[in-house]
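Q: Please take a close look at one part of this model for me. I'd like to focus on the pairing of charged side chains, and I'm new to this, so keep it simple.

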Amino acid sequence: MKDLLHEIRNCTICAAHLPLGPRPVLTAHPDAKVLVVGQAPGTKVHNTGIPWNDKSGDRLRYWLQVSRDTFYDPTKFAIVPMGFCYPGRGKSGDLPPRPECAPNWHHKVLSQLPNIELTLLIGQYAQRYYLKEKRYKTLSETVKNYQDFLPEYIPTPHPSPRNTLWLRKNPWFEFEVVPLLSERVQRLI
């Protein structure tokens with residue numbers, strides 16, 4: 001795993017498309033039990049090199065009911081986003097994760113994570129990649145039908161403050177899915 005992480009952190013496959021240059025951000029350890037698959041780092045994460053080191057990460061840790069120290073313990077959580085580098089900014093927020101990243105690296109990382117018992121699929125990009133034709137037409141439908149993907153996966157919306165409106169319109173998520181999510185995570189870690 002150490003050699004693979006070194007190789008990934010030196011990746012330049014899509015460097016020409018990255019406005020801030022490559023800085024792959026991920027954590028993984030063979031002992032990890034929970035895999036967190038999000039989108040791609042934002043500028044704060046790019047600058048610090050610490051995954052989920054922003055308001056989205058605060059909300060995610062709240063959902064999981066874990067401290068920062070626990071969340072950043074790679075023997076508990078592997079954090080492997082769809083895109084490892086900040087992809088740039090678009091009209092309505094950050095651009096989607098670069099399409100080169102997951103197909104080139106995810107299978108290699110997952111092959112060295114034999115103890116994963118739960119994968120959190122955060123947002124539409126992770127859900128599309130991992131659930132493929134099993135996912136529902138919309139993110140809301142996919143998340144609402146989370147039981148269809150248990151025990152391997154739990155799909156969630158992105159915990160970004162930009163999704164506060166979605167959370168207000170879908171209160172069932174915080175009443176039904178978040179307690180199950182935090183209970184599963186607590187049991188595994």
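A: Let's start in helix H3, which runs over residues 55-64 and holds both Arg61 and Asp58. Helices here are DSSP runs of H or I with at least four residues, numbered from the N terminus. The two sit three residues apart, or about one turn of the helix. An α-helix has 3.6 residues a turn, so places three or four apart point the same way. Their side chains meet in a salt bridge, at 2.8 Å from N to O. That term means a side-chain nitrogen of Lys or Arg within 4 Å of a carboxyl oxygen of Asp or Glu.

A quick word on the source: this is a predicted model, where local features need pLDDT of at least 70, side-chain atom pairs count only at pLDDT 80 or more, and totals for chains, interfaces and linings use all residues. Residues are numbered from 1 along each chain as its sequence is written, and side-chain values use heavy atoms, leaving out hydrogens and water.

Now, how covered up are the partners? Arg61 is buried, at 4% relative accessible area, while Asp58 is partly exposed at 39%. Buried means under 20%, exposed over 50%, and partly exposed in between (1.4 Å probe, protein chains only).

For another pair, hop to helix H9 (residues 172-188), where Arg187 and Glu183 are four residues apart, again about one helical turn. They form a salt bridge too, at 2.8 Å, N to O. Here Arg187 is exposed, at 56%, and Glu183 is partly exposed, at 36%.

Asp73 and Lys76 make one as well, at 3.3 Å, with Lys76 partly exposed at 24%. Searching the whole structure turns up five salt bridges.
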